[in-house]
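Subject: Model for your files

Hello,

The model is below, and my notes on the fold follow it.

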Amino acid sequence: MVSEMPEIGNIDGVRILFYSNEGSLEGLPRVFATKGDAEAEFLISQDTPPITLLKRSHGFEGEELRAIQGHISTMAEEVVHAWNALFC
């Protein structure tokens, strides 16, 4: 059960967040975008500069999904830093 969802951003009503139980997973930092019933999961490499990869999506249209991915990409270094602070 997810006890809290640290929100790290918001773009046009789309919440960008971590699920609090994600730290137990190995691998790349992951961030979720949610709006209503729509959800997308992105992985962020710890390369310099970080690369944002779409892992899965349900309910978002292509144009909105590209805008969300672009927004996450612009804040990728901050996301990696926040992930490491919360889960490492």
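Contact here means heavy atoms within 4.5 Å. Helices (H or I, at least four residues) and strands (E, at least two) are DSSP runs, numbered from the N terminus. This is a predicted model, in which local features need pLDDT of at least 70 and side-chain atom pairs count only at pLDDT 80 or more, while totals for chains, interfaces and linings use all residues. Residues are numbered from 1 along each chain as its sequence is written, and side-chain values use heavy atoms, leaving out hydrogens and water.

The sheet: five strands make an open sheet, ordered 1-2-3-4-5, with antiparallel pairing (two strands pair if DSSP finds at least two bridges between them). Strand 1 (7-11) and strand 5 (52-58) are at the edges with a single partner strand each, so one side of each has no neighbour in the sheet. Strand 3 (residues 30-35) and strand 4 (residues 38-44) are joined by six bridges, and Arg30 stands opposite Leu43 in strand 4.

The helices: helix 2 (residues 76-87) lies across strands 1, 3, 4 and 5, at about 85° to strand 4. Angles run from 0 to 180 degrees between N-to-C directions, with axes fitted to C-alpha atoms, for helices over the stretch in contact.

Regards
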